[in-house]
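Biologist: I'd like to learn how to read ring contacts in a model. Could you walk me through a few cases?

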Amino acid sequence: MATLIIPPVLTSPRDDAAQLYKAFKGFGCDTASIINILAHRDATQRGLIQQEYKVMYSEELSNRLSRELSGDNKKAFLLWMHDPAVRDATIVRQALSSVVVDLRAATEVICSRTPSQIQYFKQIYYTMNGVYLEHDIESRTSDDHKKLLLSYVRTIRYEGPEVDGVLAERDAKALYKAGEKRWGTDEKTFIRIFSESSSAHLAAVSYAYKNKYKNKLRSAVKSETSGLFRFGLLSILRCAKNPASFFAKQLHKAMKGLGTNDAALIRTIVTRAEIDMQYIKAEYRKKYKKCLNDAVYSATSGNYRTFLLSLLGPNY
């Protein structure tokens, strides 16, 4: 369930565009007005506002936002203005092609999306960049991490809830033989099962593994693998079982310790606000005994804080 709050009575996209133009005029911009409008419009509404703004003022709204805003607030707003598929394609492209490559961010996005979401943002990725996602993965990643990501984005997986218990037990046994039972790890088996299984099937495999071998599959992955390969496998497994718990953990990590990982904080809040942030907030409170809004308030400041809190909805 989303946390995005849309007013019961909306102004027209044309009126919103005019109000945004007014907020940009003069010395400095009225950031509060910008937040009040754009943080309370869904992806379709934001798209219509952008169309109207370009017609009325012969300028891309994103370009004007880029000039008027700064810092993390600017980064968050520019990401928010995209629809979900374009946003995912943008995050992954930047993560794979920037001077400082962020393979963890690319892995997080790829391994936490549904098969249909991946196939759609792959198309957008090629349209935007003129290269296939697989090409960038091939050139920027390595070893088992590369094999996992390539297999995961290429495989069309079933998205329904049905599970074959016999097959789940068979795959649990295969993973045990590929990891804990042997000396060394058969990474190919882990890649095959994790990249080919539906979320429901992988959750059933995890249950069967714990039931038969008295150890969590997650613990086996942690002990048998390492680095980005381990992170990719764990991301797939956690999202198969409970996506909200996975993202709650990512948010906690982003705000834990000295300093805040603002890129991770922005990425998670902006990409989930229209999808399942209500569930993520509930999981966050359950896991960390603290309201997510309060944690974000403590970790941020100024208009950047106001914008993120607007996306998170009421404090509870």
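Biologist: Which ring does the charged end of Arg 104 sit over?

Modeller: A charge sits over a ring if NZ of Lys or CZ of Arg is within 6 Å of the ring centre and within 35 degrees of the ring normal. Here, the charged end of Arg 104 sits over the ring of Phe 231, 3.8 Å from its centre. Arg 157 has its charged end over the ring of Tyr 152, 3.7 Å from the centre. Mind you, this is a predicted model: local features need pLDDT of at least 70, side-chain atom pairs count only at pLDDT 80 or more, and totals for chains, interfaces and linings use all residues. Residues are numbered from 1 along each chain as its sequence is written, and side-chain values use heavy atoms, with hydrogens and water left out.

Biologist: How many aromatic pairs are there?

Modeller: A pair of aromatic rings is described by the distance of the centres and the angle of the planes. Rings of Phe, Tyr and Trp (its six-membered ring) pair if their centres lie within 6.5 Å; planes under 30 degrees apart count as stacked, over 60 as edge-to-face and the rest as tilted. That gives eleven aromatic pairs. Phe 77 and Phe 307 are stacked, 4.0 Å centre to centre with 10° between the planes. Phe 77 lies in helix α5 and Phe 307 in helix α20, so this pair ties together parts 230 residues apart in sequence; helices are DSSP runs (H or I, at least four residues), numbered from the N terminus.

Biologist: Is Phe 77 buried or exposed?

Modeller: Buried means under 20% relative accessible area, exposed over 50%, partly exposed in between (1.4 Å probe, protein chains only). Phe 77 is buried because its relative accessibility is 0%.

How values were computed. Helix = DSSP H or I, 4+ residues; strand = E, 2+ residues; numbered from the N terminus.
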